[in-house]
Amino acid sequence: MSKSKSVFVCANCGAHYSRWQGICSECGEAATISEVLESAATNAGSQAVQRALSGFAGQSGSGIQNLGTVDLSEKPRLSTGYSEFDRVLGGGIVRGSVVLIGGNPGAGKSTLLLQTVGILSERNRVLYVTGEESLNQVALRAQRLKINAQNISIAAETSIDNICSMACTAKPEVLIVDSIQVMHVQGIESAPGSVSQVREGAAALTQFAKRTGIAVFMVGHVTKDGTLAGPKILEHCVDCSVILECGTDVRYRTLRCQKNRFGAVNEIGVFAMTDAGLREVKNPSAIFLSRQDTVAAGSLAMVTWEGTRPLLVELQGLVDVSLYSNPRRLTIGTDQNRLSMLLSVLHRHADFSLADQDVFVNVVGGVKVEDTSSDVPLCLALLSSFLNKPIDKGTIAFGEIGLTGEIRPVPYGQERILEAVKQGFLRVIVPYDNAPRRTLTGVEVVPVRRVTELMQLI
Ligand code: TYD
Ligand code: MG
């Protein structure tokens, strides 16, 4: 008989160790490592699915098939009813897929899923399982949000075994589990929310979705630093992981895709939280741009690229004399290391030094810009702030800056320019290689090749 082995697992990131240690070397959290009996945990989740599936007629492992003859007659994707949500998922809900929705408490995960279920239930069978709220609470919210609750099946349940067997009976097309952290799998000793419970629960639901073709949405909590709580394996086993974020403007929520097996990642959808629930924002560029009429030094609009579409945001830079021997470099919404790099490029190639100045950069509206096309607007905003010369309102910019001081083209240059024109901008500063071959009417395109030219522009 094999001896039951114990491992030490970090409750924050799920890293395994052979002996106990005080601080997790993977994630740096203290006192999160505890002993877990390995044999007790293995396979409890898949046994749960096996037990449930024994009552689900006609479903079993598919055996060996020819890829060309796999049945595709069923419509592969369902629409959530929100084009923003559909786009984040890569064009709708894929049958048999598992989607993890993370977010801070109060971000609106339960609201979003309840509203989605309300629309979906008009055409498809849905089952909403709530482990956090009572049936009364959900019903009250549905009533207040004026959701058509006629066709929504709902259950208050925290056992994965029961959820799987209920789903086998009800045969929904979409199953919602709110949330994975309160669920438990029969046969595992540890408390709900612990690493082994979350891991086995998620694995069981994933296996269940694949075997039955039911699309499963799981709600996941996030830790204080904004990453999904529970083991990393949670993100590995799901098909799609999205985060509902609340930026600095509490009215707006952005739905951001971090992993997607069926579409582009980094896709965002924007929602507004109103007293009647979440409402989608079809033209997010308009809300992230400042509505002020006066022009101030240090502010500039830029075109970034999010997933499959351009997004216009306002970038602000502030340069001020430093009172410390170590001047501060602080960014909100962009990469801090990239700012240091750009300051060096400006110094070395444009003879422009900010060594005795504090430098702050902020992306308005709580948007996170990971695109390198923010380099040119960022430098322009800093120059504008330092020289105290405002850039006029109709100007927008994008472009990457290389270490030798050259301005490099970015992908989708044409689309970015067209989006800027659509939003009414009159002057677009672009990398030389992104400039359109033919002249565009109604907009002045200013191609730039080197950082020194940025100085002349201001
Ligand atoms: P909820 O979906 O319960 O959040 P989560 O499940 O992510 O924890 O959302 C609750 C928040 O949304 C709460 O802060 C209040 C706000 N809200 C509104 O502003 N309007 C509404 O109509 C609803 C339902 C919620
Ligand atoms: Mg909730």
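Trainee: What makes the pair formed by an oxygen atom of ligand 1 and a polar backbone atom of aspartate 275 a polar contact?
Mentor: In this predicted model, an oxygen atom of ligand 1 lies 3.3 Å from a polar backbone atom of aspartate 275, and because a polar contact is a pair of N or O atoms within 3.5 Å, the pair qualifies. By the same cut-off, the backbone of glycine 277, 3.0 Å from an oxygen atom of the ligand, qualifies, and so does that of threonine 274, 2.9 Å from a nitrogen atom of the ligand. Taken alone, ligand 1 exposes 560 Å², of which the protein buries 71%.

Trainee: Which helix gives the most to the shell around ligand 1?
Mentor: Helix 4 does, with three residues, while helix 5 (135-144) and strand 13 (268-274) each supply at least two.

Trainee: Why are strand 8 and strand 14 called edge strands?
Mentor: The open sheet has nine strands in the order 8-7-9-10-6-11-12-13-14, with mixed pairing, and strand 8 (152-156) and strand 14 (277-280) each pair on one side only.

Trainee: How do you know that strand 7 and strand 9 pair?
Mentor: Pairing requires at least two bridges, and five bridges join strand 7 (residues 126-130) to strand 9 (residues 174-178), so the two strands are paired, and they run parallel. Within them, valine 126 stands opposite valine 174.

Definitions and conventions. Residues numbered from 1 in each chain as written. Chains lettered and ligands numbered in written order. Predicted model: local features only at pLDDT ≥ 70, side-chain atom pairs only at ≥ 80, totals over all residues. Heavy atoms only, no water. Polar contact = N/O pair within 3.5 Å; in protein donor to acceptor, adjacent residues only side chain to side chain. Areas by Shrake-Rupley, 256 points an atom, 1.4 Å probe, with all protein chains shown as cover. Helix = DSSP H or I, 4+ residues; strand = E, 2+ residues; numbered from the N terminus.
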